Amino acid sequence: MKKIEAIIKPFKLDEVREALSEVGITGLTVTEVKGFGRQKGHTELYRGAEYVVDFLPKIKVEVVVTDNIVDQTIEAIVKSAHTGKIGDGKIFVVPVEQVVRIRTGETNEQAI
């Protein structure tokens with residue numbers, strides 16, 4: 001099993017959720033996060049004063065999937081989150097050793 005974490009632009013969340021649903025993903029976690037990469041933030045004007053916004057708002061989407069659909073999941077995220085502009089985001093894939101569904105006690109793939 002793998003945990004896929006995707007950092008995406010906030011306005012792309014609905015498209016990513018729909019794409020993941022089409023792949024067969026039935027559950028995910030979404031977190032509002034802030035950060036920067038090559039985009040480095042930007043400057044804004046407020047009441048005539050210019051200030052720097054270092055951390056940009058992003059969305060982190062987390063899903064745990066079986067090994068056989070990792071590539072499909074990544075492809076769905078890339079296609080749905082892509083704008084072609086700087087700041088589209090990143091995807092991280094990490095191994096998951098064990099999953100337990102608290103309600104039923106199911107483990108691993110049955111718990112996903």
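1. Let me start with Glu 5, which turns out to be buried: its relative accessible area comes to 19%, and the cut-off for buried is under 20%. Bear in mind throughout that this is a predicted model. Glu 5 belongs to strand E1, which covers residues 2-8.

2. What does the side chain of Glu 5 pair with? There is a polar contact of 3.4 Å between the side chains of Glu 5 and Lys 3. Leaving aside residues up to four places away in sequence, Glu 5 also touches two runs of the chain: Lys 60, Val 61 and Glu 62, and then Lys 90, Ile 91 and Phe 92. Strand E6 spans 90-95, so you can follow that second run on the model because strands are numbered from the N terminus.

3. Gly 35 is another one to click on. This glycine sits in strand E2, residues 29-35, and is buried as well, with a relative accessible area of 18%. Not counting residues up to four places away in sequence, Gly 35 touches Asp 54, Phe 55 and Leu 56. Now try Arg 47: along the sequence Gly 35 and Arg 47 are 12 residues apart, yet their C-alpha atoms lie 25 Å apart in space.

4. On to the helices. Two packed helices are described by the angle between their axes and the distance between the axes. Here, H1 (residues 13-23) and H2 (residues 70-81) have axes that come within 9 Å and cross at roughly 150°. That angle makes H1 roughly antiparallel to H2, because the cut-off for that label is over 145 degrees. As for handedness, H1 and H2 cross in a right-handed sense.

5. Which residues of H1 and H2 meet? From H1 come Glu 15, Val 16, Ala 19, Leu 20 and Val 23, and from H2 come Gln 72, Thr 73, Ala 76, Ile 77, Ser 80 and Ala 81. Sorted by class, the contact of H1 with H2 consists of 7 nonpolar, 3 polar and 1 charged residues.

6. Last, a backbone angle to look at. Most residues other than glycine have a negative phi. Asn 108, though, has phi near 50°, a positive value in a residue other than glycine. You will find Asn 108 in the segment after strand E6. Is Asn 108 buried or partly exposed? Partly exposed, given its relative accessible area of 29%.

Definitions and conventions: Residues numbered from 1 in each chain as written. Predicted model: local features only at pLDDT ≥ 70, side-chain atom pairs only at ≥ 80, totals over all residues. Heavy atoms only, no water. Axes fitted to C-alpha atoms, helices over the stretch in contact; angles between N-to-C directions. Helix = DSSP H or I, 4+ residues; strand = E, 2+ residues; numbered from the N terminus. Parallel < 35°, antiparallel > 145°, perpendicular 65-115°, else oblique. Left-handed = near helix turned anticlockwise from the far one by under 90°. Contact = heavy atoms within 4.5 Å. Nonpolar A, V, L, I, M, F, W, Y, C, P; charged D, E, K, R; others polar. Buried < 20%, exposed > 50% of the residue type's maximum accessible area, 1.4 Å probe, protein only. Polar contact = N/O pair within 3.5 Å; in protein donor to acceptor, adjacent residues only side chain to side chain.
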